[in-house]
Amino acid sequence: MVPHQDDLIANFRQLASTSEPLSRCLKALETGVFTDPEGRTEPLNPRLAFGSAALLAHLSRICPGSLSIEVGFGAGSSATVIMSVRSLVASQFEHIIYEPLEPSHRVGGQLVQAYLENYFGSRFRLRRKLSQIGLAQLYDERGPETVGLAFIDGSHHYEYVMTDFLLADMLCCEGGFIVFDDAWAPAIETVLSYVEANRLNYSIMHLAVDNTSVLKKVGRDVRDSLAFKPFPVPARSDWTLLPEEQRRRRRLIESYGAAGDVTITGHITAVPEAPIEPAAPRGTAGSPLARQFLQREHCV
Ligand SMILES: C[S@@+](CC[C@H](N)C(=O)[O-])C[C@H]1O[C@@H](n2cnc3c(N)ncnc32)[C@H](O)[C@@H]1O
């Protein structure tokens, strides 16, 4: 079960009292300023939501395997949380982060990066690459199902998030987690909506805490090769916030079952679904789209 956000935060605080990097990170999240052991400071910009940090700490504790990955270093708070907790629970762990920008071109995170390099040494692996390239290379390097936790917080454009999902899915092992930051953003919600309709080997906790959704891989993908289910797309543009009522409804997520599965507790669409035509029998020219295609190709 993913505990309630308040409990996640209480656990996060407790854990931070046992870890130097985590306590620095907690303080930075509270104050908006990161301070290194020499007393140098840097504004924490961008700043991860507190609930998201607490959720990442929880998942870093329970995720399977020794490899975790992350898309988008930003100011490094998510990397700090994941690595700090992984180092508490596993003697051997690796965390690989994909971030295309040079430190000097990022808004912040230069001091955090130097601190993590110094504290975690070679276990901190920041690869200066676009995730679409880096994750595909990682798949080549390490093979399928080698990752226990993937945190996606890079480009927020739909096709990039979908690509991050696709590659993270190929890398994620059974029992592993894929986490999306800013999951209320319509582009990201659309990816989740696709997964909910089409990828039944994932359990979804949409907006499990403020801002963040979690997928847990609970089995193999057994769809046949032409399978596709229509899925709802939110009728909101850009960064329009969810109406409060929908936010409240979406935070109803209940609990994992006895086997550790996440329960799906409600459809994640934000708008009434458009009526969906009954599917035409497979292999026929029954649907309007198929008819259009066949006419264009002069088949009928
Ligand atoms: C919101 S920030 C990440 C914040 C980070 N999780 C933290 O805790 O500070 C997004 C980052 O993603 C990076 N980014 C954008 N597109 C990317 C891509 N295609 N691959 C990897 N990183 C990307 C940006 O340069 C930026 O540093």
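## Burial and the case of Leu-207

A residue is counted as buried if 20 or more other C-beta atoms lie within 10 Å of its own, as exposed if 12 or fewer do, and as partly exposed in between. In this predicted model, Leu-207 is buried because 25 other C-beta atoms lie within 10 Å. Leu-207 belongs to strand β8, which covers residues 202-209, and its phi is near 50 degrees, a positive value in a residue other than glycine.

Asp-182, in the loop between β7 and α8, also has a positive phi, of about 55 degrees, although it is not a glycine. With 18 C-beta neighbours inside 10 Å, Asp-182 counts as partly exposed. A further backbone feature is the cis peptide bond that joins Asn-45 and Pro-46, with omega at about 5 degrees; Pro-46 lies in the loop between β2 (41-43) and α3 (50-62).

## Overall architecture and confidence

The chain has 10 helices and nine strands, and buried residues make up 39% of its 300 residues. Among the contacts with a separation of 6 or more, 73% are between residues 24 or more positions apart.

Confidence averages a pLDDT of 85 over the chain, and 80% of the residues score at least 70. Over residues 252-300, however, pLDDT stays under 50, and for this stretch the model has 58 contacts beyond four places in sequence.

## The paired strands β3 and β4

Strands β3 and β4 run parallel and are joined by five bridges. Leu-67 stands opposite Glu-94 in β4, while the bridge partner of Val-71 in β4 is Tyr-98. Five of the five residues of β3 are buried, and both of its faces are covered, with Leu-67, Ile-69 and Val-71 on one side and Ser-68 and Glu-70 on the other. In β4 (residues 94-98), four of the five residues are buried.

Ile-97, which has its place in strand β4, is buried, with 28 other C-beta atoms within 10 Å. Leaving aside neighbours within four places in sequence, Ile-97 is in contact with Glu-70, Phe-73, Ala-79, Arg-125, Leu-126 and Arg-127. For Arg-125, which is 28 residues from Ile-97 along the chain, the separation of the two C-alpha atoms is 6.1 Å.

The buried residues of α7 are Val-161, Thr-163, Asp-164, Phe-165, Leu-167, Ala-168, Asp-169 and Leu-171. An α-helix has 3.6 residues a turn, so residues three or four places apart point the same way. The buried residues of α7 pack against strands β3 (67-71), β6 (147-152) and β7 (172-180), and also against helices α6 and α8 (186-198).

## The surroundings of the ligand

There are 22 residues around the ligand, and those that come nearest are Gly-72, Gly-74, Ser-131, Gly-154 and Ser-155. The elements that give two or more residues to this shell are α4 (77-89) and α6 (131-142). By class, the shell is made up of 10 nonpolar, nine polar and three charged residues.

How values were computed:
Residues numbered from 1 in each chain as written. Predicted model: local features only at pLDDT ≥ 70, side-chain atom pairs only at ≥ 80, totals over all residues. Near = placed C-beta within 6 Å. Nonpolar A, V, L, I, M, F, W, Y, C, P; charged D, E, K, R; others polar. Contact = placed C-beta atoms within 7 Å. pLDDT = per-residue confidence, 0-100. Pairing = 2+ DSSP bridges.
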